[in-house]
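This briefing covers the pockets and a nonpolar surface patch of the structure shown below.

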Amino acid sequence: MKRFSKLFLFIFAFFAFSMLLHLGRDLLFDWDECLYGQYAKEMVQSGHFLTNIWNGYIDLQKPPLYSWLLQLPLLFGRNEFTLRILTVFGALGIITSTYLFAKKYFSEFVAILSVLILLCAELFVIYSTKMTTDMLYTLFIFLGVWSWLHSGQKGVSRSKIYVLCSGILFGLAIMVKGIGALQFLLALFIALFLNFNKKRLLDFIRVCAICAAVVIPWHLITYLTYGDRFIKVYIFDNIIKRSRYPIEFHRERIWFYFVLLYRELSPWIFAFFIFPITSFFNLLKTKKWGFKKYEMVYTILLLIIIPLASITRVQTRIAWYALPIYPFLAIYLAYNLDLLIRRLSNNLTHKSKTTLILYSI
């Protein structure tokens with residue numbers, strides 16, 4: 001508990017109370033909540049735990065980890081509250097992880113500001129109380145990234161444990177929603193070259209191998225059970241078609257996610273450019289980009305840009321596809337605002353000293 005400030009605990013308690021207050025008030029909304037609720041219900045009734053099942057139809061679009069996890073709250077009753085509580089835990093886990101990550105690598109101010117920016121995002125707040133896979137998916141990705149980054153810090157004991165955890169967490173993310181989590185692994189791979197060494201490359205290969213060990217058994221068993229039907233639904237219909245065509249009437253323009261982020265996080269979104277501008281002026285002065293010095297910031301920036309470019313390229317554009325980016329974006333914006341405040345403070349302090357000297361003369 002010493003890791004948490006009183007202000008964060010107040011924000012956490014207020015957010016948790018707000019979510020839980022009316023969690024079971026409204027009926028499940030059409031379509032996704034009803035679908036996931038039926039998955040969890042019918043999984044027990046039919047005794048079919050290998051895949052999601054809906055009214056007797058074997059649905060092979062996504063791995064079934066979310067339906068497996070829902071069986072625990074369903075032990076306490078089958079209603080809207082118990083079905084949604086897993087999402088609430090995921091959302092609370094995200095804001096707690098965001099706070100702890102930002103506090104560890106930046107400052108208490110950046111940590112609190114990150115949480116507040118995250119809670120300014122309407123999409124995040126709304127989907128914190130909806131029965132969807134996105135909150136757990138986002139949480140597993142964020143924790144997987146954190147475990148990987150922590151394993152590379154100087155002086156960290158048992159770094160192999162964190163490499164193992166990172167691989168497992170990315171595997172769990174894939175088992176919740178699908179292979180979209182791989183775009184964050186791609187961002188981490190590119191970030192390796194900010195401060196490259198062979199050991200980190202070998203560790204990254206281990207992360208990928210562990211991730212594969214987590215996800216391959218279910219994929220292999222399901223393929224052996226359903227054969228070409230699994231390939232058609234899971235790969236062609238759910239991935240390739242979504243990438244090439246706007247399915248289910250989700251026909252949005254190419255700048256859809258940029259407009260979404262502007263509406264969600266304005267005016268804070270304009271702070272996005274502070275670090276790049278500062279880095280450019282530092283480059284003019286020192287002739288160095290400072291990749292090693294600001295490796296963490298550049299890595300977070302890649303964890304925003306690469307996934308954002310990936311989901312923008314996909315023709316089926318849906319707002320909640322951007323949710324895994326939100327914790328990284330909130331931290332990055334908070335860091336930029338802190339950078340701006342410190343620069344302004346230093347300038348004001350410098351001007352005050354200069355004025356005092358001139359007045360004395």
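In this predicted model, the second largest pocket has a volume of about 600 Å³. The largest pocket holds about 1,000 Å³ of space.

**Second largest pocket**
- Its lining consists of 22 residues, and those nearest the centre are L149, G152, Q153, N195 and E295.
- By class, the lining of this second largest pocket comprises ten nonpolar, six polar and six charged residues.
- Helices α7, α9, α10 and α14 each contribute at least two residues to the lining of the second largest pocket.
- α14 has the largest share of that lining, with four residues.

**Largest pocket**
- The largest pocket is lined by 37 residues, of which K62, K177, N238, R242 and Y321 are the closest to its centre.
- Its lining divides into 18 nonpolar, ten polar and nine charged residues.
- At least two lining residues of the largest pocket come from each of α2 (32-46), α7 (134-151), α9 (182-191), α11 and α14 (295-313).
- α11 gives the most to this lining, namely six residues.

**Nonpolar surface patch**
- I216, L220, Y223, L224, I231, I235, F236 and I240 make a nonpolar surface patch of about 690 Å².
- The elements giving two or more residues to the patch are α10 (198-226) and α11 (228-244).
- Among the patch residues, I231 is located in helix α11.

Notes
Residues numbered from 1 in each chain as written. Predicted model: local features only at pLDDT ≥ 70, side-chain atom pairs only at ≥ 80, totals over all residues. Heavy atoms only, no water. Patch = residues over 30% accessible without salt bridge, like charges linked within 9 Å, V, L, I, M, F, W, Y side chains within 5 Å. Areas by Shrake-Rupley, 256 points an atom, 1.4 Å probe, with all protein chains shown as cover. Salt bridge = Lys/Arg side-chain N within 4 Å of Asp/Glu carboxyl O. 1 Å grid on protein atoms, 1.4 Å probe; cavity = no way out; pocket = protein on both sides within 12 Å on 5 of 7 lines; lining within 4 Å. Points joined across faces, edges and corners; volume = space filled by probe spheres on them. Nonpolar A, V, L, I, M, F, W, Y, C, P; charged D, E, K, R; others polar.
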